[in-house]
Amino acid sequence: MASAAFNEGLLAFLRLATTPFHAVAALAGALEEAGYSALPEDRSWSLEPGGRYYVTRNGSSLVAFRLGDERTAGLRMVGAHTDSPCLMVKPNPDLTRHGCYQLGVEVYGGALLNPWFDRDLSLAGRVSYSRRDGALATALVDLREPVAVIPSLAIHLDREANSNRSVNPQTDILPLLCLPGDGEEPALRTLLAEHLRGLGLDPVEVLDYELNLYDTQPPAQVGLQGEFITSARLDNLLSCYTGLRALLKSDGRQPALLVCNDHEEVGSVSAAGAQGPFLRSVLARIAGDAEACACLVDRSMLISADNAHAVHPNFADRHDGNHGPRIGGGPVIKLNVNQRYASNSETSALFRQLAGQVGVPVQSFVTRTDMACGSTIGPLTAAEVGVRTLDVGVPTFAMHSIRETAGSEDALALCRVLRAFYEAPEPLFPR
């Protein structure tokens, strides 16, 4: 996999994956093309040695796995998450004020709000509607075209904008969609119904939706030598794609699994989140019974892949002096003694060994002792399942902004190590 081809695939995936639902649809499509079979959760599974399968939950989380010939081998697991901080549309969003039609929005996750101003925005998500035969139906929608903008307040009307400005999420970030004429009453549900009809569907009534705004500026490779990838949702769709490519490129000799959970950015407490039962349920069905599942988990390992904070040249003091990962310096092992990350000496040692075998440099990140540390699906999955876990990520600038920046070589470097992990022989650890 040359970096150019890898990055072209990454950029194409980012363009498609405008919501967790669209991300899972894109992942499922790639798995289908590679010969993976979909498993329904509501039916019994008949799993074959060497079989390749995937299962989704809520349309926004996915587990893909490949079985080895021997059920006694441990699973090599990679985890990531499909959601990103964004602006979600409220249930009753329609607002017409001072001749402007706007939507009420709610902030999902820990979004960096200032970069949302003056962007060409579109809408995407999942819509539920009634059909003429009385049935309830659901469809994914993505308007693709820029249909909204959140205009900034001119500096002439806010002289302290560059020195003392905060963003009120209730009042300051309502997107503008149109200027309705006299007697016009725009409604989002009407817009959605028209869009569904354009897709060849026949909705009687749009009943509900889960929609978010997104920046229509496409992802890009930038820099004098193409050193950077810039895009929305790099946290954490970059890791979803990297895990997928590593799984599909690995040799298939060892049992392997990829889990991409929703709702990480809001705590993971959901049926589809990492603190829910999804992965544990899949592992139980793979193993067959509780005793076999306990043995399987003990022989397995999870690599939680979620972007890491690169040291920012303008704000280098925000990092510990000895633990400032650099863009282009390779994947980052994330460590925290208070278990905000799940890495330990055994799991990090294995990653370093695998990286050395494929010639990939490894960096380390520890949050400054006087700053709070973020977290990932790693500790939550370790606690829910009981599996050895490592937290790693690609160094990234502007995490949780509407447009983030990563290195153009780092994702492929991580993919090479994850592929080596998927191919690692038994046992993963001394017994």
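By class, I find 16 nonpolar, 14 polar and nine charged residues in the lining of the largest pocket; here Ala, Val, Leu, Ile, Met, Phe, Trp, Tyr, Cys and Pro count as nonpolar, Asp, Glu, Lys and Arg as charged, and the others, Gly among them, as polar. I note that this is a predicted model, in which local features need pLDDT of at least 70 and side-chain atom pairs count only at pLDDT 80 or more, while totals for chains, interfaces and linings use all residues. Residues are numbered from 1 along each chain as its sequence is written, and side-chain values use heavy atoms, with hydrogens and water left out.

For the spaces I worked on a 1 Å grid over the protein atoms alone, where a cavity is a set of points that a 1.4 Å probe fits but cannot leave, a pocket is an open set with protein on both sides within 12 Å along at least five of seven lines, and lining residues have an atom within 4 Å of a point. Grid points are joined across faces, edges and corners, and a volume is the space filled by probe spheres set on the points.

The largest pocket holds about 870 Å³ of space, and of its 39 lining residues H309, Y341, G374, M399 and H400 are the closest to its centre. Two or more lining residues each come from β15 (308-309), α8 (377-385) and β19 (395-397); helices (H or I, at least four residues) and strands (E, at least two) are DSSP runs numbered from the N terminus.

I then turned to the second largest pocket, which has about 330 Å³ of space and 27 lining residues, with P20, S84, C86, M88 and N212 nearest its centre. The elements giving two or more residues to this lining are α2 (20-33), β5 (86-97) and β10 (203-215), and β10 provides the largest share, five residues.

Which residues line the largest cavity? I listed N261, G273, A274, G276, F278, L279, R280, T381, E384 and V385, around a volume of about 50 Å³.

Last, I checked α2 against helix α4 (residues 234-249), and they pack at an angle of about 10° with their axes 11 Å apart, the axes being lines fitted to C-alpha atoms over the stretch in contact and angles running from 0 to 180 degrees between N-to-C directions. That makes α2 roughly parallel to α4, a term for angles under 35 degrees. The contact (heavy atoms within 4.5 Å) joins A23, L27, A30 and L31 of α2 with L237, C240, L244, L247 and L248 of α4.

Key:
Angles under 35 degrees count as roughly parallel, over 145 as roughly antiparallel, 65 to 115 as roughly perpendicular and the rest as oblique.
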